[in-house]
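Hi,

Here's the structure I said I'd pass on.

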Amino acid sequence: MAHRPLACVILAAGKGTRMKSDLPKVLHRVAGRPMVGHVLAAVKTLDPDHVVVVVGPGMDSVAAAVAPYPTAVQHEQRGTADAVRAAFGLLEGFTGDVIVLYGDTPLVTPDTLRALVQARRQAADPAVVVLGMRPDDAGAYGRLILNARGGLEKIVEYLDASEEERAVTLCNAGLMAFDGARMFDLIGSVGNDNAKSEYYLTDVVQIARRAGMACAVVEAAPAEVVGVNSRAELAEVEKLLQGRLRKAAMDNGATLIDPDSTFLSVDTRLGRDVVVGPGCFFGAGVTVGDRVEIKPYCHLEGVRIDSGAVIGPYARLRPGAEIGPDAHIGNFVEVKNAVIEAGAKANHLTYIGDARVGAKANIGAGTITCNYDGFSKSRTEIGAGAFIGSNSALVAPVVIGDGAIVGAGSVVTMAVEADALVVARGNQKAYAGWAKRFRERKQNEKAKKA
């Protein structure tokens, strides 16, 4: 079968005034990715020949976010049909199939997009295929009215619908697939004789039917086509996507002890037999190997954790952290841009930044790698099998050799050779009876004031 070209037009010019934000609406994040990024990811799976993102004037940040895909500018907000027209210049002469999507509808799946394309290419050769849904509450959604043959006859806006039409449960979800050879004329015929003087994309169905062209419907689950126009709707979409991500993680062999309190990013990768405790947050770029235990209330982003490691509780792993096999990162430990090699342990109250901790080294409670001098970052190298006593400060750049021991409470500013003991703290002095005399003096002074 010959390849039929496919183009996708993503409408992302909306100002999102109800979001009350300086950030363009489609750049608000869901599971760590901008909404328009989710739409692009779904589109990419179809391997389209062209992708055009329609933006508003001055939306350079959106253009940068969707690069290298080209953008077209809708100079005035004059409706959805007008927005698609803005993309015509980049699709001139295109006669394949065209899907029109929305940058603020991030949950649509590749399977649904494929179903739209397949329906467009069916034997009836519909000029337009509309995505429909059957929500529990049809409310003010536009209704999709079918004809006796099951084809789409028209889209009726709720305010214009009769009582009989309002009883229809099949609603307009917004997305459409077009035959590109007919799309330009159909959309070009859309007028603005309505209360808002806008050009509505939904009008193309009646225009196509009047010209004797077939139109069709593909149904999707309502949860796939939830649009975002407010912060509350953004939170609802986040909740829906988190449900998908959690289910996928558990289906792939991870245990989430309390799924509802575990927050994942769209690119989180959890291995087999990973156990995640309640209250954990996974930012972008986290990969977790098999048999890792992540105890409650950990925050991770930009991290790789190898098999058998134990993390937390209350650990923070920041970008660039690489935790080796069977390593332990315990409670209130922060790791940033550092490699913790196999079997090393930092079990409590420690900061490790811009460092390498060698295999089976032990980092005592309260240890700090002093990596920043106010101007630049420097590295700390801790050798294999080294032991760092509690409450030590390692002032970078510094190297602690293999097997070396740093005495508790030390401030280490120079290299320590392998297998050496270093103690860097003030001499301890004791003054017999001083504490008792001090208390007696204070008590006498208090008595005189009474």
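Predicted model: local features only at pLDDT ≥ 70, side-chain atom pairs only at ≥ 80, totals over all residues.

Start with His348, which the unreviewed UniProt entry lists under "active site". You'll find His348 in strand β24, which covers residues 345-357. Is His348 buried, exposed or partly exposed? His348 has a relative accessible area of 34%, so it counts as partly exposed, the class between under 20% and over 50%. Leaving aside neighbours within four places in sequence, His348 is in contact with Asn331, Val333, Gly364, Ala365 and Gly366.

Next, take a look at Lys336, in strand β23 (residues 328-340). Lys336 counts as buried because its relative accessibility is 10%, and the cut-off for buried is under 20%. What does the side chain of Lys336 make a polar contact with? The partner is the side chain of Asp354, at 2.6 Å. Beyond four places in sequence, the residues in contact with Lys336 include Arg318, Tyr351, Asn371 and Lys377.

Now for the cores. In soluble globular proteins, nonpolar side chains tend to be buried together. Here, the largest nonpolar core has 75 residues, and Ile99, Leu113 and Phe178 are among those with the most contacts inside it. Not counting residues up to four places away in sequence, Ile99 touches Leu6, Val9, Leu46 and Met176, among others. There's also a second, separate core of 58 residues, with Val228, Ile294, Ala327 and Val357 among its members.

Cheers

Technical notes:
Residues numbered from 1 in each chain as written. Heavy atoms only, no water. UniProt positions renumbered as here; feature names shortened; annotations may be inferred. Helix = DSSP H or I, 4+ residues; strand = E, 2+ residues; numbered from the N terminus. Buried < 20%, exposed > 50% of the residue type's maximum accessible area, 1.4 Å probe, protein only. Contact = heavy atoms within 4.5 Å. Polar contact = N/O pair within 3.5 Å; in protein donor to acceptor, adjacent residues only side chain to side chain. Core = buried A, V, L, I, M, F, W, Y, C linked by side-chain atoms within 4.5 Å.
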